[in-house]
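Here is a friendly tour of the model shown below. Keep the structure open beside the text as you read.

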Amino acid sequence: MLTTELFNPAITRFASRPSQKYTDAVLSSPRYRSCRENIYHPVSRSDFSGYWFVQDTLTNRKPPSTSDVTIFYLHGGGYFCSQPAHYLLFSLRLAEAVLDRGLTVSIFALDYSLAPE
């Protein structure tokens with residue numbers, strides 16, 4: 001169920017240019033404030049980087065290997081919308097839909113932004 005807080009201008013005005021402000025607005029919203037520490041964790045390795053949006057549930061962070069469902073999300077617009085933060089709100093709603101069905105879920109979004117030369 002979508003609620004009006006997700007369409008709050010304080011959140012949606014950053015949708016065209018995700019930044020730390022956009023991420024903070026989403027994670028500080030009444031819907032996600034209580035579980036903020038459990039979602040949206042960066043991963044940076046020498047061979048790739050990305051973000052774990054959710055690991056198991058919104059309120060309980062566990063290793064992704066314990067989840068019933070693991071989603072490797074490759075966002076569209078990699079050359080234009082270069083940050084996984086563009087899809088944070090969508091990914092959290094996707095996680096909620098899976099969790100509503102009684103399953104645990106982990107969602108990883110790969111961070112890629114460079115167009116081929």
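From the N terminus on, the elements run α-α-β-β-β-α-β, giving the protein three helices and four strands. Helices (H or I, at least four residues) and strands (E, at least two) are DSSP runs, numbered from the N terminus. This is a predicted model, in which local features need pLDDT of at least 70 and side-chain atom pairs count only at pLDDT 80 or more, while totals for chains, interfaces and linings use all residues. Residues are numbered from 1 along each chain as its sequence is written, and side-chain values use heavy atoms, with hydrogens and water left out.

Of the 117 residues, 44% count as buried; here buried means under 20% relative accessible area, exposed over 50%, and partly exposed in between (1.4 Å probe, protein chains only).

Leaving aside neighbours within four places in sequence, Val54 is in contact (heavy atoms within 4.5 Å) with Ile39, Leu92, Ala95, Val105, Ser106 and Ile107.

Let us stay with α3. Its buried residues are Leu88, Leu89, Ser91, Leu92, Arg93, Ala95, Glu96 and Val98, and they pack against α2, β2, β3 and β4.

How do α2 and α3 pack, and at what angle? The angle is about 30 degrees, with the axes 10 Å apart. That makes α2 roughly parallel to α3. Axes are lines fitted to C-alpha atoms, for helices over the stretch in contact, and angles run from 0 to 180 degrees between N-to-C directions; those under 35 degrees count as roughly parallel, over 145 as roughly antiparallel, 65 to 115 as roughly perpendicular and the rest as oblique. Tyr22, Thr23, Val26 and Leu27 in α2 meet Leu88, Leu89 and Leu92 in α3.

Finally, a look at a loop. Ser65 lies between β2 and β3 and is exposed, with a relative accessible area of 70%. The C-alpha atoms of Ser65 and Ser106 are separated by 8.5 Å, though these residues are 41 apart along the chain.
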